[in-house]
Amino acid sequence: MGSEAIIVFLIAGIVMVAGANFLSSLISHKSDNPQKREPYESGMTTIGPTWVQFKVGYYLFAILFLVFDVEVAFLVPWAVVFQEIGAVAFIEIIIFLFILGLGLAYAWKKGALQWE
């Protein structure tokens, strides 16, 4: 039942997504107004270039936030079942936190946490 169920769910997911996209393209309102292609900034015309490249530091900061957000997503279920799992789970979570700590130390050394 394992591989057949996965294939059925995969096909059902593809059909549902494709069907939703097709249905929305059929019933959606289509407008070819030239104003739709203009950049929008609070309803006012933009001043200066509309394409501005952000500094890489913003992306690094966001990725670090996501890494530690995922850490919490792993730590909470671990803490809930810690009594049943025992010492092996404690050693595994210490290894997990150590690896994340190495990543944080690397980011700190590279200056990814400096907000300039």
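**View 1. Helix H2 gives the nonpolar surface patch its largest share, three residues.** The model is predicted: local features need pLDDT of at least 70, side-chain atom pairs count only at pLDDT 80 or more, and totals for chains, interfaces and linings use all residues. Residues are numbered from 1 along each chain as its sequence is written, and side-chain values use heavy atoms, without hydrogens or water. The patch is formed by Phe 54, Tyr 58, Tyr 59, Phe 61, Leu 104, Trp 108, Leu 113 and Trp 115. Together they have about 900 Å² of accessible area (Shrake-Rupley method, 1.4 Å probe, only the protein chains shown counting as cover for residues). Two or more patch residues come from each of helix H2 (56-80) and helix H4 (87-110). Helices are DSSP runs of H or I with at least four residues, numbered from the N terminus. Patch residues have over 30% relative accessible area and no salt bridge, and nonpolar side chains (Val, Leu, Ile, Met, Phe, Trp, Tyr) are joined within 5 Å. A salt bridge is a side-chain nitrogen of Lys or Arg within 4 Å of a carboxyl oxygen of Asp or Glu.

**View 2. Leu 113 lies in the segment after H4.** Leu 113 is partly exposed, with a relative accessible area of 32%. Partly exposed lies between buried (under 20%) and exposed (over 50%), with a 1.4 Å probe and protein chains only.

**View 3. Phe 74 and Phe 96 form an edge-to-face pair.** The whole structure holds three aromatic pairs. Rings of Phe, Tyr and Trp (its six-membered ring) pair if their centres lie within 6.5 Å; planes under 30 degrees apart count as stacked, over 60 as edge-to-face and the rest as tilted. Here the centres are 5.6 Å apart and the planes at 80 degrees. Phe 74 sits in helix H2 and Phe 96 in helix H4, 22 residues apart. Phe 96 is partly exposed, at 25% relative accessible area.

**View 4. Trp 78, Phe 82 and Phe 90 form one aromatic cluster.**

Conventions:
Patches are made of residues with over 30% relative accessible area and no salt bridge: like charges are joined within 9 Å, nonpolar side chains (Val, Leu, Ile, Met, Phe, Trp, Tyr) within 5 Å.
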